[in-house]
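Please open the structure in a viewer and keep the selection panel at hand.

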Amino acid sequence: MSLVLALALAAAPAAPDLGNTQLPDPHAEAQARALMGELRCVVCQGQSIADSDADMAADMRALVRQRIARGEDPSQIRDWLIERYGDYVSYDPPLSGATALLWATPILLLGIGAWIARSSFRKRR
Amino acid sequence: MKRWLIWAPLAVFGALFAVVAAGLMRPADTAVHSTLVDKPLPSFELEPMVPGKSGLASTDFGRGTPHLLNVFASWCIPCIAEAPQLMRLKARGIPIDAIAIHDKGPAVVAFLRRNGDPYDRIGDDSRSRVQLSLGSSGVPETFLIDGRGRIVRQYIGDIRADQVDQIVRDVAAAR
Amino acid sequence: MIAEGGLAALWFAATLAGLQLLLGVLALRHRHAAGEQAMAAIGPVAIVQGALVAIAMGALIAVFLATDLSVALVAENSHSAKPWIYKFAGAWGNHEGSMLLWVTILGAGGALVAWKERALDRPTHVATLAAQGAIALGFYGFLLFASNPFARLNPAPIEGQGLNPLLQDPGLAFHPPTLYAGYVGLSVAFSFAVGALVTGQVGPAFARAMRPWVLGAWVLLTIGITAGSYWAYYELGWGGWWFWDPVENASLMPWLAATALLHSVNVLAARDGLRAWTVMLAVVAFSMSMIGTFLVRSGILTSVHAFAVDPRRGAFILALLALYIGGALALFGARIGQVRAGRSFTFVSREGGLVVNNLLLSVILGIVLIGTLYPLIAAGFGVRLSVGPPFFHAAAGPIALVLVAVMAVGPMLRWRRDQAEAVLIRMLWPMVAAAGSFALVLTLSGGMGVLPLLGLSFGVGLIVASVLPMTQRNWRRTPLPIWGMVVAHAGIGVSLIGMACDSAFTAERLVALYPGQATIVGPWRVELNRIYPNVGPNWSALEARLTATRDGVGTVLRPQQRFFTDPPTTTSESAIATGWDGQLYTVLGQQDAATGRWQLRLWWKPFVTLIWFGGILVALGGALALVGRWWKAWQQRRREALWG
């Protein structure tokens, strides 16, 4: 009995390299894919882990896929990484005191722009 | 058009200039620091990397004495450069444990034979899982774990000769 | 000797740039004999300056082609075993050389203004050349004192260190010169604006004189960005074509400003409106080019595309920026009050549409600028963060869609005033097309993201709207600039559809295979036949032979893992099969150590090529408009010559 089990274990394929292969469930893979595009590779500096050849990026992809496969929420995984690497690791800056101005930029600029443009319409006619 | 609006572009540029000039003055810090410093060591358990030396678990830390946790790899060139410093720290009675990243047993054995072996335990972190959980972003890096199992310091990059005395003081302070 | 000759030419060119500035100031200060002489001399000086800097660039290319390793720049960035095309293009595949290329094009632009520009009044022409000389002088100073490309090495090494393999691509021969020519074309618009501020001549004539330069620069920028995006797409090996990386943003910002300028200059030329705003945009467009150059060179922002960086050089360029941009903006503040306000108009009118276009483009420009610099701002307060695609998509995406709607409506509006209800009726077909494609795509693929779905339907609507003006016209009598507008607007629609399709319909397959095994991606069956070694002039490679089959028709693809020794680097060379409806993108990864299988990355990207095809259409539209303007100017001159 134990011999059969040992043989079965030996014949089982090695754990898939999740840094470079997809999850079988397309929905989970799509979730992982979206998250990987928003996480910064911590050794390559200028790339997301979805676009990097670095070993560390592959390890981070593996981590994301494993946790997604385990049923974790993408936001939980992001938070886990932010806890370790700071906001730096996420390309999606979380709304906070430090980023309030950044996220307000579009509305501020639109407001200022509309206010300036108004003056070119109203005069005469 | 209002008078002051004419000068607004110059003011905006002035602000932009200040930001960029300040960015230029600041010494560029491209290292990615772990935000787990001053937090408890995350729990983990790693298989042994080399025969005859035990693996590494988070429960090995926080038993009253401060430890250094060295993140290294046999394929990493700066790790060779820092090896003598680790040997000196070891000689001064500081316990050093390690996790080896993306590595193979025989390669690590050869590395230790060539560069000296300062380690009490070496965990096999083949897919950087523990490295990621520590907030470490490369090899070599060294963490100082205090006697209560908290991360108190992170040394990024290879440890230089002039850092050894400071590290000894840090370890003494972490007791 | 060649290197010293190049250096000497550079010094002479710098001296002449100084002289150009001096003559300009003299000519504008003294209206009498001395002024007349200075005015007559400034043109020839600008032309000789352009010739001298071209000689310097030629000398640098010559030492690169000869692999003269006693020149430090060659030793650090070239290698004798490199194919000649990369020796040639390698002359600007580094910091110093690319700066020299930059001033070479600047010098050529100045010479062209001196030689060909006849539409400007004389004082403004002289002031423009003086401004051009001032810009050139600063960058010559930067080259000569902080980035000498001709510095010698003693002793000379026996072999060079080689060129970054990522740059060893035909893209290098094409992309930087085009982009720089675009930047520098904007420098002419900048100098025009400065010249006009000095003389106070801002009006339709000024706009008509500036328009061809803006158009030309904009066409080149469009080509440069399109080419750069495609280059990054196939070279970086992950199927991405835009990363919102600081360097990419640095090229996008001048384009956005130039696009706004292109439209406002038309309002100024046709209706004498938006005077101050057009001058402002001309200043901003080139300022963005310089800020872009600065961001790339200073190393204060991290990027995948950057050259080696040096903060001291950054400080030098930053000082130049402060001088030029600050100076121009101060001049704007001091002088714009003297420029009369232009004509006004109602909101629902062609002018109104163009104002909204300018407003939205400027807002997007502001978002890109602030998003790019925000990590730097935050770092000043001790906060480290990253700003990437999620921010740019969320912040700029909706505004860009509104802009697309304005683009669709704009050409259908009448000048001065129009009726909102009448406009809605004219826009019936585009709206039907957009709504139809929205409904169709929604039913066919339910799980599509909101932004791609809207992008796709807006793109379809825009294409329909773009060709709408042609339905009411006699095609033979339609002026070329109108054709240009139609083609360019439709090009944006085409590009938008490509982007939406890529983000919504791409099929991805990441697998590890043994030779002989096959996998499926999209409509393709891809078999890994075998892996074998291959060698090139300065690399060796592992190459995979893949047979991709679709509907019984096979294609062979050969992606590589390429190993360069000088400098030691591994690159993935993707292999791409292009069909009418998309691209199959294949990359060979590493061999899995445990199993011996080979990693393959495969993507089926439906209609992805539309992104760059749209870009080419946009550039073509600009070129048509440019040719049309030239043609008209030439005809007019001939008529004047005939009738005296």
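Predicted model: local features only at pLDDT ≥ 70, side-chain atom pairs only at ≥ 80, totals over all residues.

**Stop 1: chain C as a whole**

The chain holds 18 helices and 10 strands. Along its principal axes, its C-alpha trace spans about 85 × 75 × 60 Å. A compact globule of 644 residues would have a radius of gyration near 26 Å, and chain C agrees with this, having 26 Å. Of the 644 residues in chain C, 55% count as buried. Among contacts in chain C with a separation of 6 or more, 75% are between residues 24 or more positions apart.

**Stop 2: the domains of chain C**

Next, colour chain C by domain. The division gives domain 1 (1–168), domain 2 (176–341 + 350–366), domain 3 (427–502 + 611–643) and domain 4 (507–606). Two of these, domain 2 and domain 3, are each written as two segments.

Now keep domain 1 and domain 2 of chain C in view. Taken over C-alpha atoms, their centres are separated by 21 Å. Where they meet, 27 residues of domain 1 of chain C and 31 residues of domain 2 of chain C take part in the contact. Which helices of chain C each supply at least two residues of the side of domain 1 that touches domain 2? They are helix 5 (95–116) and helix 6 (122–146) of chain C. Helix 6 of chain C gives the most to this side, with 10 residues. By class, the side of domain 1 of chain C that touches domain 2 of chain C comprises 16 nonpolar, nine polar and two charged residues.

**Stop 3: Trp115(C)**

Select Trp115(C), which lies in helix 5 of chain C. Is Trp115(C) buried or partly exposed? Trp115(C) is partly exposed, because 13 other C-beta atoms lie within 10 Å. Trp115(C) and Leu413(C) are 298 residues apart along the chain, and their C-alpha atoms are separated by 38 Å.

**Stop 4**

To see how the strands line up, show Leu546(C), which stands opposite Leu557(C) in strand 5 of chain C.

**Stop 4**

One pair to display is Ala577(C) with its bridge partner in strand 9 of chain C, Leu584(C).

**Stop 4: chain B**

Hide chain C and select chain B. It has five helices and seven strands, and from the N terminus on its elements run α-β-β-β-α-β-α-β-α-β-β-α. The radius of gyration of chain B is 21 Å, well over the 16 Å that the globule rule gives for 175 residues, so chain B is more spread out than a compact globule. Its C-alpha atoms fill a box of roughly 80 × 35 × 30 Å along the principal axes. Of the 175 residues of chain B, 39% count as buried. Among contacts in chain B between residues at least 6 apart in sequence, 78% join residues at least 24 apart.

**Stop 5: where chain A meets the other chains**

Finally, display chain A with chain B. Here 15 residues of chain B are in contact with 15 residues of chain A. The side of chain B that touches chain A has four nonpolar, nine polar and two charged residues.

Then bring chain C back beside chain A. This contact takes 37 residues from chain A and 42 residues from chain C. On the side of chain A that touches chain C, the residues divide into 13 nonpolar, 14 polar and 10 charged.

Technical notes:
Residues numbered from 1 in each chain as written. Chains lettered and ligands numbered in written order. Contact = placed C-beta atoms within 7 Å. Nonpolar A, V, L, I, M, F, W, Y, C, P; charged D, E, K, R; others polar. Domains from an automatic or database assignment. Helix = DSSP H or I, 4+ residues; strand = E, 2+ residues; numbered from the N terminus. Rg over C-alpha atoms; globule rule 2.2 N^0.38 Å. Buried ≥ 20, exposed ≤ 12 C-beta atoms within 10 Å, placed from the backbone. Pairing = 2+ DSSP bridges.
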